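Colleague: I am new to this structure and would like to learn how to read its features one at a time. Could we look at it together?

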Amino acid sequence: MMLLSNKAVSALEAILDIACNARPDPVRSSEIAERIGRPQRYLEKAMQQLASAGILKGVRGPKGGYMLARERRRIPVGEILRIVADSKTSADSDNGRAKNKDAKNAPCGMTILEKICEEAESEFLARLDNITIEDLCAEQRNAAIKNLDFTI
């Protein structure tokens, strides 16, 4: 079951960082990693997957880094999570399920619970498909404005 793994949260944080900091130049992965407090090597893999999927655009060279490949309003959060979840090895995630479903002695409760979890995950992702990176940027801006202190 996916929901929000550490990798998914890191990918969303990185995309949000790029969306807020990539104008007009690309953002280096080392800068992103430092701002969001994640190891660069950990982020780089996910960012390459997101670039391959057309969410990010990688720019090479001394002023290189990552930029959004699409407008922020055209990047749904659900799509990002699916890309990151699909990057798991199929053997790790599917083998365990296949064993439980194919086993004659599998507890009925586990089969029912797996089905419920799959349905909940589908509903969760469907809701996240209606939230875009633009929406998250707006929420972040609003939170920053609320936290401003004008005390002199």
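Modeller: Let us begin with an idea needed for helix packing: an axis is a line fitted to C-alpha atoms, for helices over the stretch in contact, and the angle between two axes runs from 0 to 180 degrees between N-to-C directions. Please keep in mind throughout that this is a predicted model. With that in hand, α1 and α7 pack at an angle of about 75°, and their axes are 10 Å apart. Since angles of 65 to 115 degrees count as roughly perpendicular, α1 is therefore roughly perpendicular to α7.

Colleague: Which residues make the contact between α1 and α7?

Modeller: From α1 come I15, L16, A19 and C20, while α7 contributes I133, L136, C137 and Q140. Sorted by class, the contact of α1 with α7 has seven nonpolar residues, one polar residue and no charged residues.

Colleague: Let me step back to the whole chain: how many helices and strands are there?

Modeller: The chain has seven helices and two strands, and when it is read along the sequence the pattern is α-α-α-β-β-α-α-α-α. Of its 152 residues, 30% are buried. Among the contacts in the chain with a separation of 6 or more, 65% are accounted for by residues 24 or more positions apart.

Colleague: How should I read the length of a helix, and what span should α1 have?

Modeller: The expected span is 1.5 Å times one less than the number of residues. Helix α1, residues 6-21, has 16 residues and should therefore span 22 Å, which agrees with its end C-alpha atoms being 22 Å apart. Just after α3, G54 takes a positive phi of about 90°.

Colleague: Which residues of α1 are buried, and what do they pack against?

Modeller: A residue counts as buried when its relative accessible area is under 20%. In α1 the buried residues are A8, S10, A11, L12, A14, I15, L16, D17, I18 and A19. These buried residues pack against the helices α2, α3, α4 and α7 and against the strands β1 and β2. For α3, the buried residues are L43, E44, A46, M47 and L50, and they pack against α1, α2, β1, β2 and α4.

Colleague: At what angle do α1 and α3 pack?

Modeller: The angle is about 70°, with the axes 10 Å apart, and α1 and α3 are therefore roughly perpendicular to each other. On the α1 side the contact is made by N6, K7, S10, A11, A14, I15 and I18, and on the α3 side by Y42, L43, A46, M47, Q49 and L50. By class, the contact of α1 with α3 has nine nonpolar, three polar and one charged residues.

Colleague: Where does R72 lie, and which residues is R72 in contact with?

Modeller: R72 lies in the loop between β2 and α4, and its relative accessible area of 13% is why R72 counts as buried. Apart from neighbours within four places in sequence, R72 is in contact with A19, R23, T132, I133, E134, C137 and R141. A polar contact of 2.9 Å joins the side chains of R72 and E134, and a polar atom of the R72 side chain lies 3.3 Å from the backbone oxygen of A19.

Technical notes
Residues are numbered from 1 along each chain as its sequence is written. This is a predicted model: local features need pLDDT of at least 70, side-chain atom pairs count only at pLDDT 80 or more; totals for chains, interfaces and linings use all residues. Side-chain values use heavy atoms; hydrogens and water are left out. Helices (H or I, at least four residues) and strands (E, at least two) are DSSP runs, numbered from the N terminus. Buried means under 20% relative accessible area, exposed over 50%, partly exposed in between (1.4 Å probe, protein chains only). Contact means heavy atoms within 4.5 Å. Angles under 35 degrees count as roughly parallel, over 145 as roughly antiparallel, 65 to 115 as roughly perpendicular and the rest as oblique. Ala, Val, Leu, Ile, Met, Phe, Trp, Tyr, Cys and Pro count as nonpolar, Asp, Glu, Lys and Arg as charged, and the others, Gly among them, as polar. A polar contact is a pair of N or O atoms within 3.5 Å; within protein, one must be able to donate a hydrogen and the other to accept it, and residues adjacent in sequence count only if both atoms are side-chain atoms.
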